[in-house]
Amino acid sequence: MKTPASHALRMALIMVLLSAALFPIYWMVVTSLTSSANLFADRPQMVPDPAQAFNYAETFAKTGVLLWLKNSAIVAIGTMVLSILLAILPAYALSRFRFHGKGVLGFVLFATQMLPEAMLVVPLYAIFAKLLLLDTLGGLILANAAFTVPVITWILKGAIDGVPLEIEEAARIDGCSRLDIVLGIVLPIVAPTLAAASVIAFFHGWNEYVFAQTLILSQELRTASVGLASFVGELSTPIHTVMAIGVMYTLPAVAFYLMVQRYVVAGMTAGSVKG
Amino acid sequence: MASITLNHVAKHFGPKVAIADIDLNVKDGEFLVLLGPSGCGKSTLLRMLAGLETVTSGEIHVGGKRVDQLPPSARDMAFVFQSYALYPHMTVRRNIAFPLIMRQFKWWFHLPVIGGLAKRRIERSPAVSDLVEKTAKTLSLTEMLDRYPRTLSGGQRQRVALGRAMVRQPEVFLMDEPLSNLDAKLRSAMRAEITRLHQRVGGTFVYVTHDQVEAMTMGTRIALMRDGVIQQFGTPREIYTSPANTYVARFIGTPPMNLIEGRIEGNAIRIGEALLPLPARLLAAAQAAKAPSVLLGIRPGALAIGPAGAAGGLAGSVSFVEHVGAESVIAVGLAQARTAHPEEGEVPGEIMVTTSGYSELARGEAVSLSLDLSETVLFSAETGHRLDPGPAFG
């Protein structure tokens, strides 16, 4: 029974949860627009002060935030593109072909997720040093992709499992090669999952810290996550600058998500087969 | 020319034999129906024809050319799936045009934007668009060309699937139970539509179904299958009037043919108490077989029901009566004679009789059945094979 009271209760609960989730973001924006004097005031400032917008100008001028964001974007987009490219064919193979060691392969892919990044960073460092991949964004993309490819392979495999085999058979009869089927038929059908997988890979690349901190040595190749952390000092931390960078670091990610999320819709296969 | 010849074609899935050594000859322009219960191998055989399944042994020739080693697209066959198998991300227009686009396909069509433009260009070229429009018009799909499959009804989707098959103008059309997902009314309309399509576009059709009404009404010939073996290959009339064995006899017809146990005694057959003189055709066959125990196959319509006690009739009582409009189906439990109906749920000694009009018989009423032996066939009680050459058509 849906009564007005239960509806109101539900809405209230949603508002509470939503506020809890959004408050840190709001607090970040407010802090980034707070004067240094007010930062440690007894009564914290609860509304942003537009007059403090120069905080942002100052951050732009004094820090390498634009460069870091550019590096982060390269790493995130690179991780996303590389992960998707590398995951499509294995996902298709795992879904459609029968071969020896398929179960083991599936498990090994899964097992990679059990290892923490911090554990892999030392051997990766040694390997990257040998391969001259240290201190390159390409190397960082490769390291990130090593983590995202197995996840995305599994996600895509699940989606491809849901594509009716008859559609592929129809395409074979219509003259498609196996690659034509994967690229022209299967991928468009699993597009929503592909979009979701892109979001996962992008955010992994965008947020990643451990590899970026270890494998990147030079200042000009720093990503935003490392750049942001570099402000946290032992003695003092310029909180409003950190928060301003935080806002700038968050906005592109939100924009990317808003752009992609409209593709993350279900029901693409509706109407293809009886069901 | 698109005659289809199967030479000793077999298919094994591991130790399981799906198709056991099939020889079949389908003439150009024929409408062959592969009929049988689920799991009899009819769909597997069709998929082998299409190239979707490999052939374990044997050869398939289409128009004199061996095709069993060719990929599906090189066989010049169109396939209509039971589940329609439309491309959900393409409009009806693109779905129908797709086989034609694939004929001109280049690898770079996979590139975003450029590939899309190239495909659209082919789709809009006069040669392709005319053919698509013409096909859509034939199937009354013109209004729906720019819609997506998800917005169509089941019947419309199946018509799109037919359109995608027709547009290629193939030599051979393969259809795998294309109507079984439709409701009864739509099914009969589509049945007529496919028959018209066959008459209009020509080509050889191979149609898989488990529905004997579809088989009888659409096929020029029927191959009735069971456990990967063709039980009988013939015209619908041959299969109905002269079933090759008791399985075919019981598979075709609603209700199916009655099989009554009998013994040959001199020139007559004894069924229960009754001794009925055999016509020359059946007598010759019975004598040639030299087996006294036979099964008499008789269609429900060849039995006449009369009042109890009639001379030369089989005595029995009415078990139930079903009124199906133009005729009545009457189940009669025979007093003396026995039947050989192996199906589950069959009452021993019960046979079916159909009479035209509304039957006023009541349950339990004693009746007598007279048999028209000129319309019966004899089967060996041992092997189940037909002994006589079957009734002559006239």
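I kept in mind that, the model being predicted, local features need pLDDT of at least 70 and side-chain atom pairs count only at pLDDT 80 or more, while totals for chains, interfaces and linings use all residues. Residues are numbered from 1 along each chain as its sequence is written, and chains are lettered from A and ligands numbered from 1 in the order in which they are written.

**Confidence**
I looked up pLDDT (the predictor's confidence in each residue, from 0 to 100), and found that chain A averages 88, with 95% of its residues scoring at least 70.

**Sheet in chain B**
I traced an open sheet of 6 strands with mixed pairing, in the order β6-β7-β8-β3-β9-β10, where two strands pair if DSSP finds at least two bridges between them. The edge strands, each pairing on one side only, are β6 (77–80) and β10 (229–234) of chain B. I then followed strand β3 (residues 31–35) of chain B, which runs parallel to β9 (residues 221–226) of chain B and is joined to it by 4 bridges; B:Val33 stands opposite B:Ile222 there.

**Interface**
I counted contacts (C-beta atoms, placed from the backbone, within 7 Å): 23 residues of chain A are in contact with 28 residues of chain B. On the chain A side, the elements giving two or more residues are α8 (165–173) and α9 (178–189).

Terms used
Contact = placed C-beta atoms within 7 Å.
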